[in-house]
Amino acid sequence: MKPNPASDHVYFNDGFKCSSISINTNLNEMNGDANGAGSGNGSQGSNEFILTDDGKKIIPPMKPMSCAKSWLQERSRKTFKKKILHKRLPILRWLPKYNGTDAVGDLVAGITVGLTVIPQALAYSGIAGLPAAYGLYGSFLGCFVYIFLGSCKDVPVGPSAIVALLTFQVAQGSWQKSVLLCLLCGMVEMLMGLFGLGFLIDFVSGPVSSGFTSAVSLIILTSQVKNILGISAKGTTFVEIWTQIIHNIKDIRAPDTILGITCIVVLLIMRLLPSCKVGPKEPNLRTKTQNIINKLIWIIGTSRNAILVIVCCVMGVLLHSYNDGTPFKVIGYIPQGLPSFALPPIHLNVNQTITGKEESFLDMVRGMGSGLIVIPLISLMENIAICKAFANGKPVDASQELIAIGAANIANSFVQGFPGTGALSRGAVNNASGVRTPLSNIYSGALVILSLIFFTPYFYYIPNATLAAIIIAAVVFMVEVKVVKPMWRAKKSDLVPGLVTFVACLVLPLEMGILIGVGLNVIFILYSAARPKLSVDVLTSPGGTEYLMITPDRCIIFPSVDYVRNLVNKQSLRNSIPVVIDASHIYGADFTAATVIESLLRDFASRHQLIFFYNLKPSICNLFESLSPTEFVVYYQEQQLDELLKERDYRQSKTDGTAAATAIALTV
């Protein structure tokens, strides 16, 4: 017995009640009355086929050119709609409303970020294992591209510490491979964005992201210890680098060590300056002089990297001797001028490879392996972190950000840049500087161009220890220790993928570590789907009959059906009373589930125990009925249960002359 759900008034589509669309359900009006006169208000037929007298549908003949023209017109109509253009070219949204206030805010923010990105670009080149110039090469053209395609005002495109480390592990310090990697990653990011694959970032959970970021921070910090100590230490993983550092510790250089430690201390102190305020706490109570002083303090604290680089560069020039050089290691020669605009290298000769063997384009791509997927995902993860941090509750279009970053990296690859993305530290500076639109990128990019044209000869004297100190002072705060305590309180099992990712990234290459973390997280999700929770309650019907109510908390699909069947049988054997499966939370099922339900019904029939389904959705009901089980009963109102029991002449055994009314709740 399965009453019609519609007749029981269980399922309603309330959407039609508030819809502005007039839907006529009178068949005579829709299809024409008895006299053959159709209603003018009925639905219109399609013009894509012709209905012949014998009731057959035929497609009218159409020339290939007409088909192509029609398709192009349709695509153009959909592509060049105002909404789509504003989505794919965000500059069209804000440029018409641009004003003088926006221009001042973007100018200040752009210059401030430019003073931050130049020393960071020089430093992150070292993380990528490349000469310092390549960091600057990847810091200007992508900024200009992002102005047109970027959807977030706070994102400053350029080198990033995490992406630089991934670049080093994939390209092994080869500038040719790094530039080609920039092009290929940009193409992958662009395709992912066009196909709407921004949702893939959702598979990187919070614990996995924290574990990855913390491990990367320690690896970056470790990679810069050698520059602080003035020694050489090769390696790509945390263990390899520390092994080399311990092995070469005897070659430590005192001037580099003293300078590096001093720079770290100075940077950490200057980091506190933006939070220092002169005068009352309330800004409106301060005098004009106090506000000017506070602004100067904030600028000094924000531009600490640039100030330190300038001071140490001047010190390097003053201490330089033509015979002995400088007392500490410097970054050396940087070519003056802008890089040439050229296609990235697609072939390596024997002198350009580590192995001494010639490599073709396919060999270079094959050597990059999973880095072509991991780097775009990590780039998106960093970029989205900035967007969400300063979105103020507004939605973030991950796919559009993929398109913007991809186009920026493609452009950077033609000026010898390595992969980049938005950096959270620069994003925070951008936001705090009062940025109004993505146009601020034009000023930071212009500063990088000016530095390449005029100041690169002076960059020669910048100490390596100073750049290492800038990196260490930045990444030490990326180690996310603070998330462990709330994660432990909220859900201890979430620590497992986080810790596994952390350890895997320290021991293995980073792309392997993040893939292991994501894979483990997916296993947790699959296990949760395969082991749904079932609540079991002994209840009493309105007629006074005891029954066992079993409520699954999610859909029943093939990984979980046998588990559910075994638990239902186990609980029903303990209580020889009718069983009701509350299907209110079952929103989906599959063929395997239908076969197992049929087996479950046979199990109950063999021991002459009743089983009913309550509030099963019609679509799932049809699926279960497709296998034609012998006794499949669904009801939708509580009062129907007593009627079903009466129809089957069920009589509950009495104890002490009365029926025991119990309510036992347990979770399986």
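Predicted model: local features only at pLDDT ≥ 70, side-chain atom pairs only at ≥ 80, totals over all residues.
1. Largest pocket. The volume of the largest pocket is about 1200 Å³. Its lining is made up of 42 residues, and those nearest the centre are Ala423, Leu424, Ser425, Phe477 and Met478. Sorted by class, the lining of the largest pocket holds 25 nonpolar, 11 polar and 6 charged residues.

2. Second largest pocket. This pocket has a volume of about 760 Å³. It is lined by 25 residues, with Arg93, Ser151, Cys152, Lys153 and Lys394 closest to the centre. Helix 3 (82-88) and helix 4 (91-94) each contribute at least two residues to the lining, and helix 3 gives the most, with 3 residues. The lining of the second largest pocket comprises 9 nonpolar, 6 polar and 10 charged residues.

3. Largest cavity. Across the whole structure, 3 cavities of 30 Å³ or more are found. The largest cavity has a volume of about 50 Å³. Ile550, Pro552, Ile556, Val564, Val568, Ile581, Ile597, Leu600 and Phe613 form its lining. Strand 6 (546-552), helix 24 and helix 25 (591-606) are the elements that supply two or more residues to this lining. By class, the lining of the largest cavity has 9 nonpolar residues, no polar and no charged.

4. Asn569. Helix 24 spans residues 561-574 and includes Asn569. Asn569 counts as buried because its relative accessible area is 12%, and the cut-off for buried is under 20%. Leaving out residues up to four places away in sequence, Asn569 touches Leu600, Asp603, Phe604 and Arg607. Leu600 is also one of the residues that line the largest cavity.

5. Second largest cavity. Its volume is about 40 Å³. The lining consists of Val113, Val117, Ser139, Cys143, Pro156, Val157, Arg426, Asn441, Ser444, Gly445 and Val448. Two or more of these residues come from helix 5 (100-127), and likewise from helix 19 (440-459). Helix 19 provides the largest share, 4 residues. The lining of the second largest cavity divides into 6 nonpolar, 4 polar and 1 charged residues.

6. Phe144. This residue belongs to helix 7 (residues 141-149). With a relative accessible area of 23%, Phe144 is partly exposed. Neighbours within four places in sequence aside, Phe144 is in contact with Asn441, Ile442, Gly445, Ala446 and Ile449. Asn441 and Gly445 are also among the residues that line the second largest cavity. Phe144 and Leu439 are 295 residues apart along the chain, and their C-alpha atoms are separated by 8.2 Å.

Methods. Residues numbered from 1 in each chain as written. Heavy atoms only, no water. Buried < 20%, exposed > 50% of the residue type's maximum accessible area, 1.4 Å probe, protein only. Contact = heavy atoms within 4.5 Å. 1 Å grid on protein atoms, 1.4 Å probe; cavity = no way out; pocket = protein on both sides within 12 Å on 5 of 7 lines; lining within 4 Å. Points joined across faces, edges and corners; volume = space filled by probe spheres on them. Nonpolar A, V, L, I, M, F, W, Y, C, P; charged D, E, K, R; others polar.
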